[in-house]
Amino acid sequence: MENKEEIVDVRSVVEAVSAEDGDAPLYQVESLCMRCGENGVTKFLLTLIPHFRKVLLSAFECPHCGERNNEVQFAGEIQPRGCCYHLEVPSGDQKMFHRQVVKSESATIKIPELDFEIPPEAQRGSLSTLEGILVRAADELQALQDERKKVDPQTAEAIDQFLLKLRACSRGDLSFSLILDDPAGNSFIENPYAPSPDPSLHIKFYERTPEQQASLGYLVDPTQLEESRTVVTEESNSTSDQMQRVPHGSVGAVAGHRAIAQSNCSEMADALFRYSAPEEVMTFPSTCGACTARCETRMFVTRIPYFQEVIVMASTCDSCGYRNSELKPGGRIPEKGKKISLCVKYINDLSRDVIKSDAASVKVPELDLELASGTLGGVVTTVEGLITKISESLERVHGFTFGDSLDENRKTKWQDFKARLNKLLSLEDSWTLILDDALANSFISPATDDMKDDHQLTFEEYERSWEQNEELGLNDIDTSSADAAYNSTDNA
């Protein structure tokens, strides 16, 4: 199909790129050159990066002065959660600088060692490499140095010293760490070892704050934070003579809501077990994680056979249609971690129920596949559903797997791995699924009434290492005051 080369107006381009057209042509728009003031040409192309995002590429060129620039904008939706990539770059490793980087228009880049930050407005959406990001930042700082030296020589001298360090980092002479933080969740740093984990790259997904929601264009009520503080104050100041009759279960909902806000699983379970009957559904107001509108969260406690009490929560938003479900463990933190191994041999094994907590890692030794804790979050699914989620997650995260810039060897490696991953569900050969949970909050259902009779399923408890306790925040917990208070209450 031939590209469309004639000059069109901006409205036609907007209508064309907004349409669901898989074969979008190339559009050209006459636009003003900000360097010489003459008219140049901006080219637009809507394309889809396989297994990543739909993006709008734009490139400007001025035939009069030679000015050129390009930009990438995301044409798809904003992701439900923000993402933060942390890349450790050692000195002398030139291959590290060839990693491709997608930076959306809402992303911030930081280099803590240099106390350097590239705000979203400084470098708008771009598709580049790690070296290109650093070189572009250095060039933009160098561009106005002559004017700075005339106006503020001291500042210009400090920037010159900083540019020496920045260019040394871009050449690989100094080791540093790069942080790519995007509240929209549309940025990406390539993992050349995919589908295996990258020891130098750490990825974290997080819930956006109201300020980040507002920066992305969502409508945020400025009184939400004030109201949340007011509610807590009113609850603490309320006395017994001011208490009103409330429906059964609402007291437990208030206590449970407070425990959830503090992420205290023990207090959450105690509040629910004390004020609510088993499997009593409670409803309390909350905030939508996608659009920050007011919504409702339903919660109840139930016991899973051969496992433990769990807290099931589900939220629905009538404003944007966002839905979310979550399962949290009840009770105290176990003293030991647990490793669960399942040998998948038969078709019925794919239908086994699986509970994977946030702290659990997933391993399939036959594929040399390992997913770090927190990769998929907490999910309640089946063995088949878990493998499907892993495949979808790898395709979504490793966006450059099938790109034109990928060499044939790595592309063949990934395609072979994906084929082997899909063969797991066909059960041509038996394979092993391992859930390693330092908090022992994961579970795989047995195929027999008695777990001892299920020889395909094994459980192994182990002592957590100091590093695991440190990652979970357990080394800093001091419960001596709480223990003394509970003991005094029991004695009384």
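1. A strand, as the word is used in this note, is a DSSP run of E with at least two residues, and strands are numbered from the N terminus. The model under review is predicted. In this model, Thr108 is found in strand 7, which covers residues 108-111.

2. Is Thr108 buried or exposed? The cut-off for a buried residue is a relative accessible area under 20%. Thr108 has a relative accessibility of 13% and therefore counts as buried. Leaving aside residues up to four places away in sequence, Thr108 touches Glu117, Ile118, Pro119 and Pro120, and also Ile179, Leu180 and Asp181.

3. The loop between strand 7 and strand 8 (116-118) contains Asp115. The phi angle of Asp115 is near 55 degrees, a positive value in a residue other than glycine. Asp115 counts as exposed because its relative accessibility is 71%.

4. A second residue with a positive phi is Leu427, again not a glycine, with a value near 55 degrees. Leu427 belongs to the loop between helix 10 (408-426) and strand 22. With a relative accessibility of 16%, Leu427 counts as buried.

5. Seven of its seven residues are buried, so strand 22 is largely enclosed by the rest of the structure. Trp431, Leu433, Leu435 and Asp437 point one way from the strand, whereas Thr432, Ile434 and Asp436 point the other way. Both groups are buried, and each includes an aspartate.

6. Which strands pair with strand 22? Strand 17 (residues 337-344) runs antiparallel to strand 22 and is joined to it by seven bridges. In this pairing, Ser341 stands opposite Ile434. Strand 19 (residues 360-364) is also antiparallel to strand 22, with four bridges between them. Here Ser361 stands opposite Asp436. In general, the strands of a sheet pair through backbone hydrogen bonds, either parallel or antiparallel.

7. An open sheet of three strands has the order 21-18-23, and its pairing is antiparallel. The edge strands are strand 21 (379-382) and strand 23 (443-444), each of which pairs on one side only. Two bridges link strand 18 (residues 353-356) to strand 23 in the antiparallel sense. Val354 stands opposite Ile444 of strand 23.

8. The second largest pocket holds about 1000 Å³ of space. It is lined by 35 residues, of which Phe60, Glu67, Arg68, Asn69 and Asn70 are the closest to its centre. The lining divides into 15 nonpolar, eleven polar and nine charged residues.

9. Which elements supply at least two residues each to the lining of the second largest pocket? They are strand 1 (27-32), strand 2 (39-48), strand 3 (54-61), strand 4 (68-74), strand 9 (126-129) and helix 2 (130-143).

10. Some values for the whole protein complete the note. The secondary structure comprises twelve helices and 24 strands. Of the 492 residues, 41% are buried. Among contacts with a separation of 6 or more, 60% are between residues 24 or more positions apart. The accessible surface comes to about 28300 Å², and carbon and sulfur atoms account for 50% of it.

Note on methods: Residues are numbered from 1 along each chain as its sequence is written. This is a predicted model: local features need pLDDT of at least 70, side-chain atom pairs count only at pLDDT 80 or more; totals for chains, interfaces and linings use all residues. Side-chain values use heavy atoms; hydrogens and water are left out. Buried means under 20% relative accessible area, exposed over 50%, partly exposed in between (1.4 Å probe, protein chains only). Contact means heavy atoms within 4.5 Å. Accessible areas come from the Shrake-Rupley method with a 1.4 Å probe; for residues, only the protein chains shown count as cover. Two strands pair if DSSP finds at least two bridges between them. On a 1 Å grid over the protein atoms alone, a cavity is a set of points where a 1.4 Å probe fits but cannot get out, and a pocket is an open set with protein on both sides within 12 Å along at least five of seven lines; lining residues have an atom within 4 Å of a point. Grid points are joined across faces, edges and corners, and a volume is the space filled by probe spheres set on the points. Ala, Val, Leu, Ile, Met, Phe, Trp, Tyr, Cys and Pro count as nonpolar, Asp, Glu, Lys and Arg as charged, and the others, Gly among them, as polar.
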